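Biologist: I have a chain open beside its sequence, and I would like to learn how to read its features one at a time. Could we start from the whole and then go down to single residues?

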Amino acid sequence: MGQQLYETEPTYRACIDRCSQLLLPRLGMDLRDVLLSRGDTARAERALEGIVVVLCALFSTEYALATLLMEWGVRPSLMLGHSMGEYVAATLAGTLELPDALGLIVERARLMGTVGAGEMMSARLPEAELLPLLPPELSLAAVNGPTHCVVSGPVEAVRGFRQVLAERGVEHQLLHLTSAGHSAMLDAILPAFIGYLRGVALHQPRIPFLSNVTGQPITDAQAVSPEYWARHLRQTVRFAEGLQHLLADPEMLLVEVGPGHGLTSLVRAQVPLERAQGVWNTIRHVYTQEPDDLVLAACVARLWLSGGEVDWGRLHGSGRRRVSLPTYPFERVRHWYTPPASREHPSREVSRRRDMADWFYVPSWKRTPLPRPDTRQGQHASWLVFCQDRTLAGAVSEALAREGRGSRTVSPGPEYRELDEHHVELVPSSPEHLRQLLQRLAERGEAPAHVLYLWPLERAVDGHTGYLSLVHLIQALEETRRGLPVRLTVAAEGLFDVSGQEALEPSQALLLGPCMVAPQEYPGLGVRCVDVSGVLATRGAAALSGLLVREAMATTAERMAAYRGERRWAQTYEPLRLESSPDQRPLRERGVYLLTGGFGRIGFWLAEQLATSCQARIVLVSRSPFPERGQWRELAATTSDEMLRRRLQKMLELEAKGALFQVEQADVADAQAMAGVLARAEAAFGRVDGILHAAGVTQSESSLSLLRDLDAQAVRRAAAEQFHAKVEGTRVLEQLLEGRAFDFCLLFSSNAAVLGGLGQCAYTAANAFLDAFAARRAQLGDSRWISATWDGWRFPGEEGRSTQSSLDVFALAPDESPEVFRRVVTQVDSPQVVVSKGELLARVAFWVHGEGLAAATPQARPEPAETEAGKLALEAESCTEVEHEMVRIWQAVMGIRSIQVHDNLFQLGGHSLLATQILSRIRERFQVSLPFRRLFEVPTVQGMAAAVQELLDAGRQESEPAPQATATVDILSLLQGLPETRPPSSEE
């Protein structure tokens, strides 16, 4: 954190040295061992587990950085800190002396450590809506924006409140803190804190700063009052109000002083697009690799360009020199391209069907030729084969040997053991073992270029363990492949319903989550899932091994393939036209319908539609408690819980029109509880006619976490969270409905099972399970199970929401979803139906197969120009497959035929790093939040230009300046700071 600044900037180094010396007797360690790469690394990592060291490191970094900026002439007219950041502001303002400030931080952390463990959690709700939901044990810790709040309190209370928010569909996320700051848990330490403060010299501020307690400029009386600083420790951080005070000055330029861009993100999320150009951070984010001095210099330069003051003499006096740039010949030759008059993102160019009858698709399979091996692959490429059966493992090794390729076999075992040069045993569920194996291979120069994952084929592991092991394997591969392409082939049986005769195993479908999402998150990692049901039993190990090796070496685009006998099949989707004709199986008048996830947004919306259309008897199942029926009418008039009040009023209104509601509190994965629900429903209303299984978790930390951001515990937690309702709950329903007669059981799946999506690995897997489960039930033929995969839904009041992603473009409107639902449950005979307002095959081609812009664009593009002015002729030697693909994409996007690849072009750290940097700048520039999440489904570099254009379009809709000017500004800001990348001139 700031290490390069410490090494190159004397003022920064002097501040860090002084803070470290002052803290040495208080911490018993040198803070520089934590901040800088020196000393005992293990000890430093252990020290960082303590909150006191973290707070001291943050304070010291912010103080040193602010002092450096002020020396360069960047002096604040007003300061706003966030929680402990106000201590830094107070120190810079002279209210606190540096030794006192550091002592105060240590004492603050020490006292907080005496109150027991707590947690803090962000919640995407306005303060007025959040407060009525808070249980007494929790406190409102911070208000960071109109819909950005933080709650704080005991661990169990926070965990329980997470469930409440999940049931209501509210986005939330645990913070990485082990203390409950700004909560009632701190009340006990306030007297001791005030006592310590009375021994600290407090002065009136010389530079104004804003108070977290009031959101207004701090008064002289507040600044010198120990009681004020105690309130600052305990009360809600009013950051949003302080920010609005800052923004009231239209000329104010905002600079975040500290690591990362957390406060910058909060600001940019609350200001118009053009105002966000005056907000910058000074130190890189932890996930970026930019040099510290480059980030800080770019911030100062942008500040100066926007009218801020900089003392260039002082800045240059620290060792910088003027450098003459190479001359330019002014040849009057233009080396750029003229963009077409109208460009849209491919997902928008995908035609949206006007006729609702054309919004439905069913999965299908098409016969394909056997794949051809990629002859460009070197014979030195090593293979890693995860196989338990010795006969099959030997056959695979022989097949690879015939191709001149070496291999190593990995089999399940009780511990990590290298049995010989070609055989390793490890525990399948151990990420440490997989990482150890791949790191050792990389150190020997034997990192695999191909991986065959055959454990699911042999049922060496169950579906859940197979999913975890595959995710851990993918993470380990990404850590060790160092930007080089790797191909991963996953083989299984009972995965796909191709012929209708397979013995399907729905748990195998969990593998589809990582198989579909990993290539979207990790460019350069190719993953294919192959179902070889019956091949081993009918044709033997030798034939199967040859088939798998050939498939793994193939260059075909399909991510999903199946072999039945000697024939190869690829997955596709066929249109299913559902007219608005009379229903084949009409919903029953006063029918009985059970809804799991009944108080989720979709569940309750469907309950309203069933109550309105056929006066249904509706059983709403939810894990959250709900008032007894006798209290409904009174609470509908008196409760302060706005959401509860609206629900009760709607239910009472619908009951007055003939419907009936019964609310049941139960976990859908609890067989005993659900058996009681069914029994009570049948006792009250008779036979249950239809079941709508809509329970699930969509807005959670795990549903938006990239695989690279998940440790082993988080991977397991994400799987447990996503599989609980959709996998375990579905199995419970199957068990309880066995032998019961019903019209249908509708499983609510998501188009993530068809399209994948960044951060959606476990969520994609869970929904793929639902699709496979319905297919297996169809084979049994004794009941009607349907898995419907949906795009997003909009609800009343959201009609005017801007379309910012493909999910928004194709989301069902409030007046469309009831009719789409009716057609699905009354007309569909297939076990799976996909609902897509956009042409589905084009979307699959783009997001899943990575076929680029051309596949997702129905209209023809002009041929690339072949003119001297349009040439970008660069040296091309030893181009990789990724480089060839990027050239093809650039040719299509720019309309230039002569593009070649220079070797140095990809020395930015590899394809994956370049993609990460560009997407990081998109995220930072536009403050992408939940409605944008599908924008980051970019599976390969193909989607980058499209993602940029969609973001530009979204920004243009908000600010509506001249389109050409908007594109120029946004592209400039996107490219600034990429290593060795020259930003285009304003003319370009």
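This is a predicted model: local features need pLDDT of at least 70, side-chain atom pairs count only at pLDDT 80 or more; totals for chains, interfaces and linings use all residues.

Biologist: Which residues of α2 are the buried ones?

Modeller: They are Thr11, Tyr12, Cys15, Ile16, Asp17, Cys19, Ser20, Leu23 and Leu27. The helix itself covers residues 10-27, which makes 18 residues, and it reaches 24 Å from its first C-alpha to its last, close to the 26 Å expected at 1.5 Å a residue.

Biologist: Where does α2 bend, and by about how many degrees?

Modeller: The bend is at Gln21 and comes to about 25 degrees, with a proline, Pro25, following within four residues. Just after α2 comes Gly28, which takes a positive phi of about 75 degrees.

Biologist: How many helices and strands are there in the chain as a whole?

Modeller: The chain has 37 helices and 23 strands. Of its 988 residues, 56% count as buried, and its accessible surface comes to about 41,800 Å², of which 51% belongs to carbon and sulfur atoms. If you look at contacts between residues at least 6 apart in sequence, 75% of them join residues at least 24 apart.

Biologist: Now a strand, please. How should I read the two faces of one?

Modeller: In a regular strand the side chains alternate between the two faces of the sheet. The case to look at here is β18, residues 617-622, where six of the six residues are buried. Arg617, Val619 and Val621 lie on one side, Ile618, Leu620 and Ser622 lie on the other, and both faces are covered.

Biologist: Which strands are joined to β18, and do they run parallel or antiparallel to it?

Modeller: Strand β17 (residues 592-596) is joined to β18 by five bridges, and the two run parallel; in this pairing Leu594 stands opposite Val619. Strand β19 (residues 660-665) is joined to β18 by six bridges, again with the strands running parallel, and there Leu620 stands opposite Val663.

Biologist: Does Ser83 count as buried or exposed, and why?

Modeller: Ser83 counts as buried because its relative accessibility is 13%, and the cut-off for buried is under 20%. Arg590, at 46% relative accessibility, therefore counts as partly exposed.

Biologist: What is Arg590 in contact with, leaving aside its neighbours within four places in sequence?

Modeller: Arg590 is in contact with Cys614, Gln615, Ala616, Arg617 and Gly658; one of these, Arg617, is among the buried residues of β18. The C-alpha atoms of Arg590 and Asp689 are separated by 10.0 Å, although these residues are 99 residues apart along the chain.

Biologist: Could we finish with buried residues elsewhere? What is the relative accessibility of Thr764?

Modeller: Thr764, which lies in helix α29 (residues 761-780), has 0% relative accessibility and so counts as buried. Beyond its neighbours within four places in sequence, Thr764 is in contact with Leu512, Gly513, Met516, Val517, Ala752, Ala753 and Gly756.

Biologist: And where is Ser507 found?

Modeller: Ser507 is found in the loop between β13 (486-492) and α21 (512-521). Because its relative accessible area is 10%, Ser507 is buried, and, not counting residues up to four places away in sequence, Ser507 touches Gly463, Arg731 and Phe769.

Key: Residues are numbered from 1 along each chain as its sequence is written. Side-chain values use heavy atoms; hydrogens and water are left out. The expected span of a helix is 1.5 Å times one less than its number of residues. The bend at a residue is the angle between axes fitted to the seven residues ending there and the seven starting there. Buried means under 20% relative accessible area, exposed over 50%, partly exposed in between (1.4 Å probe, protein chains only). Contact means heavy atoms within 4.5 Å. Accessible areas come from the Shrake-Rupley method with a 1.4 Å probe; for residues, only the protein chains shown count as cover. Two strands pair if DSSP finds at least two bridges between them.
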